Amino acid sequence: MSGQNIAQSLGGKSILLVVGGGVAAYKSLDLVRRLRERGARVRVVMTKAAKEFVTPLAFTSLSNEKVHDDLFSATDEQAMGHIQLSRDADLIVVAPATAHLLARAAQGLCDDLAATLLLATDKRALYAPAMNLRMWLAPATRRNVALLKQDGALFVGPEDGAMACGEYGPGRMSEPLEIVAAIEAALKGETRRPLQGAAARGPLSGRHVVVTSGPTHEAIDPVRYIANRSSGKQGHAVAAAAAAAGGRVTLVSGPVTLADPAGCDVVRVESACEMFAAVERAMPADVFIGAAAVADWRVEAAADKIKKEGAGAPAFALVENPDILAAVSHAADRPRVVVGFAAETRDVIAHAKEKLIRKGCDLIVANDVSEGSGVFGGDANEAHFVSPAGVESWPRMSKEAVAAQLVARLADILNKSEAGE
Ligand code: PMT
């Protein structure tokens, strides 16, 4: 690939490029090249009409990625759901954005993969329109563009110029380098699609909330690991409640079989050390909630499978894992509110009070995970809210209800601390 001297202004960024069916689709091939020169990962989605103008093979060759075009592809859904495709991107770029694609996006139709991704995404979309000037100036297109802008969409172009149809006026797709500049500008600002309605006005709007959830897996060798019984249901419910309250949520999740909660940026990890690194990367935050059941110890993993040979069972020396909650609590950029969970099998409240002090957090949500409590993996929880002010025991309720109560408390604490109370 050329462009060795070009600054990696998009290094580490992931762009989902939706290619609509217009003659300008050939320019999108160059756009892929320009983006990759700047360090971006580019995944391409083509509409059926786009394939009339440019072949998927051309995009595959330039992006070095599989091109996606089928909403009902069983293999794609197995490997990575189409919603995930839109969530993994830092920005969605629609180029060329045809009148038809703009209309479908404005109306929220999801009759193919491209339109479905545009509806399902939680990220901003940047449209580079390309169409005949009468179509661009038509009242229907004006309405659709206004609707999309109202919903937070960004636009680059179209430019005035001679069109493939022989007319002259606005409708030419911007040149690839202009689109690149618009992408760089968009990525400097807020890249998430602005929330509408209740979530936009929610009590956590404008706050960044980092949540850990699920178990960690500590490798013993390439085939075995140490784990625990956490399903992630409680932590994921907390992340979902924080997002529903308008927060920008980063969920750092250990290995779970749950779907990603809506509206959260999800970082998947395996081990405690990986979880710690992901939490550090996610900072700064206004709130940290450690709901994950992090392994306290790991073993030095063997490079190869440990064989059952020789005399006796192997002995493992345990190494202490970093305490993520304590580290976040004592960090220089400490979030304003740090919440831990405590999973105990006896003396629940006494242990939680001790952890509150030892780990330096503001609150502990304590729960009894002894056999028969049904908390690990179950749908309900009986929690105690432990703070320096005292202990409040909540009745047994769904994990979603525990999460909603906790989020309401956090919003209250943040508001009071801002009001200086
Ligand atoms: O996932 P579910 O099946 O829904 O079950 C929910 C739950 C029981 C896992 C959850 O409600 C819960 O209690 N989570 C915390 C489990 C735990 O690890 O508790 P602990 O008492 O060992 O740890 C105390 C706190 O320190 C926790 O906030 C934990 O995330 C944190 N910790 C622990 C060890 C470590 N190395 N780093 C940490 O950050």
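Of the 28 residues around the ligand, which come nearest? The views below are taken from a predicted model.

View A. Ser-230, Gly-290, Ala-292, Lys-355 and Asn-367 come nearest, out of 28 residues around the ligand.

View B. A polar backbone atom of Pro-322 lies 2.9 Å from a nitrogen atom of the ligand. An oxygen atom of the ligand is 2.8 Å from a backbone N or O atom of Leu-325. The side chain of Lys-359 places an N or O atom 2.9 Å from an oxygen atom of the ligand. The protein buries 96% of the 770 Å² that the ligand exposes when taken alone.

**View C. Aromatic pair of Tyr-127 and Phe-155.** The structure holds 2 aromatic pairs. In the pair shown here, Tyr-127 and Phe-155 are stacked, with 5.3 Å centre to centre and 20° between the planes. Tyr-127 belongs to strand E4 (residues 125–129) and Phe-155 to strand E5 (residues 154–155), so the pair links distant parts of the chain, 28 residues apart. Both Tyr-127 and Phe-155 are buried. Lys-149 lies over the face of Phe-155, at 5.5 Å from the ring centre.

**View D. Aromatic pair of Phe-385 and Trp-394.** The ring centres of Phe-385 and Trp-394 are 5.2 Å apart; their planes meet at 20°, under the 30 degrees cut-off, and the pair therefore counts as stacked. Phe-385 is buried, with a relative accessible area of 7%, and Trp-394 is buried as well, with a relative accessible area of 5%. Over the ring of Phe-385 sits the charged end of Arg-409, 5.0 Å from the ring centre.

Methods: Residues numbered from 1 in each chain as written. Predicted model: local features only at pLDDT ≥ 70, side-chain atom pairs only at ≥ 80, totals over all residues. Heavy atoms only, no water. Phe/Tyr/Trp six-rings, centres within 6.5 Å; stacked < 30°, edge-to-face > 60°. Helix = DSSP H or I, 4+ residues; strand = E, 2+ residues; numbered from the N terminus. Buried < 20%, exposed > 50% of the residue type's maximum accessible area, 1.4 Å probe, protein only. Lys NZ or Arg CZ within 6 Å of the ring centre and 35° of its normal. Near = heavy atom within 4 Å. Polar contact = N/O pair within 3.5 Å; in protein donor to acceptor, adjacent residues only side chain to side chain. Areas by Shrake-Rupley, 256 points an atom, 1.4 Å probe, with all protein chains shown as cover.
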